Amino acid sequence: MSSEENPYVFVAKIQKIWIMRCIDVPRDISKAVKKEAGGNPKHIPVRGWIDGLAFENTLVPRGAGNYRFHVNSKIWRKLKIDAGAAVEVTSAPEDSALDLL
């Protein structure tokens, strides 16, 4: 599946690493995003929604070819959630046609 046609949608739990909140991208989506980005990218700009709130962020490596991204405090505080909460994430590479408005 290409995010040009459809964005990537998944459910994940927010994790707390030190003081940061982050979401691990599922392995199959990590592989697809990496392939779509081409080459061997370390940081991939993405945008989308977390439970309906728009975000722009960067996927960063978390090991074994997988990615994660950090969740801005404005998002998790506005949703009144914290580490351990499951959220629906819709994302696509930054240069896709995904409309955040």
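This is a short tour of a predicted model, stop by stop.

**Whole chain**

Start with the protein chain in cartoon view. Its secondary structure comes to 2 helices and 7 strands. Trace the chain along the sequence and the pattern reads β-β-β-α-β-β-β-α-β. Of the 101 residues, 39% count as buried.

Select strands E4 (44-50) and E5 (53-63). They run antiparallel, joined by 7 bridges. Pick Val46, and opposite it in E5 stands Asn57. Then move to the turn. The hairpin leaves 2 residues between the strands, and Asp51 in the turn has a positive phi of about 45°.

Val60 stands opposite Arg68 in E6. Again, 2 residues lie between the strands of the hairpin; here Ala64 in the turn has a positive phi of about 60°.

**The core**

Next, show side chains for Phe10, Ile23, Ile50, Leu59, Phe69 and Val89. These have the most contacts inside the largest nonpolar core, which has 20 residues. Color by element of secondary structure to see the contributors. Nonpolar side chains tend to be buried together in soluble globular proteins.

Center on Leu59. Which residues is Leu59 in contact with, leaving aside its neighbours within four places in sequence? They are Val25, Val33, Lys42, His43, Ile44, Val46, Tyr67, Arg68 and Phe69.

Go to Cys22, in strand E3 (residues 20-24). Is Cys22 buried or exposed? Cys22 counts as buried because its relative accessible area is 0%, under the 20% cut-off. Show His70 as well: it is 48 residues from Cys22 in sequence, yet 4.1 Å away in space, C-alpha to C-alpha. Beyond its neighbours within four places, Cys22 also has contacts that include Lys13, Ile14, Phe69 and Val71.

Stay in strand E3 and select Met20. Met20 counts as partly exposed, at 36% relative accessibility.

**Last stop: the surface**

Together the four make a nonpolar surface patch of about 460 Å².

Note on methods
Residues numbered from 1 in each chain as written. Predicted model: local features only at pLDDT ≥ 70, side-chain atom pairs only at ≥ 80, totals over all residues. Heavy atoms only, no water. Helix = DSSP H or I, 4+ residues; strand = E, 2+ residues; numbered from the N terminus. Buried < 20%, exposed > 50% of the residue type's maximum accessible area, 1.4 Å probe, protein only. Contact = heavy atoms within 4.5 Å. Core = buried A, V, L, I, M, F, W, Y, C linked by side-chain atoms within 4.5 Å. Patch = residues over 30% accessible without salt bridge, like charges linked within 9 Å, V, L, I, M, F, W, Y side chains within 5 Å. Areas by Shrake-Rupley, 256 points an atom, 1.4 Å probe, with all protein chains shown as cover. Salt bridge = Lys/Arg side-chain N within 4 Å of Asp/Glu carboxyl O. Pairing = 2+ DSSP bridges.
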